[in-house]
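Visitor: Hi! Could you walk me through this one?
Guide: Happy to. Let's bring it up and start with one side chain.

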Amino acid sequence: MTQQTRVPCVLMRGGTSKGAYFLASDLPADRALRDRVILRIMGSPDPRQIDGLGGADPLTTKVAIVGPSSRPDADIDYLFAQVVVDEPTVDISPNCGNMLAGVGPFAIEAGLFPANDPETRIRIHMVNSANVCEVILQTPGGKVTYDGDAKIDGVPGTAAPVLTKFLDTAGSTCGALLPTGNVVDEIEGVPCTLIDNGMPVVVMDAKHFGRTGYEDRDAMNRDTELKAAIEKIRLKAGPMMNLGDVTDKVVPKMCLIAPPKHGGVVMTRCFIPHVCHATIGVLAAATIATACALPGSAAQGIAQVSEGTNKLMSIEHPTGEVTVGLELEPGANLPVVRSAALLRTTRRLMEGYALLPASIWDGRGELARQAAE
């Protein structure tokens, strides 16, 4: 009888994303073998991911790998992996602030960190970018609760709030907040702000593509002419942002902006990078909010930004908005970003074992050694 390897796994919704959460100790240490295991568990490459746990959408084909912290200023390590639906690719170059919302509860319930009463603060090392995020969870009686009154657009119902505060994320992937040193660069005749405050993003005015920026997600995804134009810019922006050849990477994210329609700061349509996001990524929202706050950026004249160094910025997206708390201080030429905070929610959906053929990994390391030879 064909044997299958059992890998402990928890399915969780984190923010407006969903994915599989694993303890690092339950996966192979060898990177190449770990990628093969993850691809098989999630069912990639296949557009329906019919033979795996993936949801056939970039937002539901994500993986969080969690373990004890490898550095003294954090409590937990979190490695994010974006699994590409129809390609054999596991990309660990970006972070994911939505999946991050589930890391604290997962770590507590896995016995990696003790809960306090009535709330617990956990400092999470985001391994992808070597940054730290402080997360505040509701833990009455020293136990994780998922019930509460917090609501985020893109998720039905309410849940317990998870406050995420990103510390010193400017340039976490690209080496600088503005990796080219410019607030605006022109690529293919389009003024672009190339920026990284936790997520590499290219910010562009939708009107330069002959679009309003208010088209719905389905219309954006059907617009092959638009997507081809955006991809042409993305491939040129990658090296400019110190990302190298981004042909097979999920960064930078590409964002079309337009004036807000619902009282926010700006309207967005984010591509991740080839599919229009149903909402917006947490760190993408923080980065776009930062672009809006920079004088002379591609968002100038479009974004409606209040005065002051501490700003609450509502970033509108196809299904609602997300509010970013941005802490700035004056700089020599441009404001300096100190932190970005967002409210998220999470819920544990299922726990058990992910199964994969033992021919891929037997769970004991023998095949890892074979793969390395």
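Visitor: Leaving aside its neighbours within four places in sequence, which residues is Arg217 in contact with?
Guide: Arg217 is in contact with Asp57, Val275, Cys276, His277 and Ala278, where contact means heavy atoms within 4.5 Å. A word on the source: this is a predicted model, where local features need pLDDT of at least 70 and side-chain atom pairs count only at pLDDT 80 or more, while totals for chains, interfaces and linings use all residues. Residues are numbered from 1 along each chain as its sequence is written, and side-chain values use heavy atoms, with hydrogens and water left out.

Visitor: What joins the side chains of Arg217 and Asp57?
Guide: A polar contact of 3.2 Å. That term covers a pair of N or O atoms within 3.5 Å; within protein, one must be able to donate a hydrogen and the other to accept it, and residues adjacent in sequence count only if both atoms are side-chain atoms.

Visitor: And which backbone oxygen does the Arg217 side chain reach?
Guide: That of Cys276, at 2.5 Å.

Visitor: Which helix is Arg217 in?
Guide: Arg217 sits in helix H3, residues 217-222. Helices (H or I, at least four residues) and strands (E, at least two) are DSSP runs, numbered from the N terminus.

Visitor: New topic: how many cavities of 30 Å³ or more are there?
Guide: Two. On a 1 Å grid over the protein atoms alone, a cavity is a set of points where a 1.4 Å probe fits but cannot get out, a pocket is an open set with protein on both sides within 12 Å along at least five of seven lines, and lining residues have an atom within 4 Å of a point. Grid points are joined across faces, edges and corners, and a volume is the space filled by probe spheres set on the points.

Visitor: What volume does the largest cavity have?
Guide: About 190 Å³. Its lining has 19 residues, with Lys62, Met199, Lys253, Ile272 and Gly281 nearest the centre.

Visitor: Which element gives the most to that lining?
Guide: H5, with three residues.

Visitor: What about the second largest cavity, how much volume there?
Guide: About 50 Å³. Among the residues lining that cavity are Pro105, Tyr146 and Thr346.

Visitor: And how much space lies in the largest pocket?
Guide: About 340 Å³. Of its 18 lining residues, Pro58, Val84, Val85, Asp86 and His274 are the closest to the centre.
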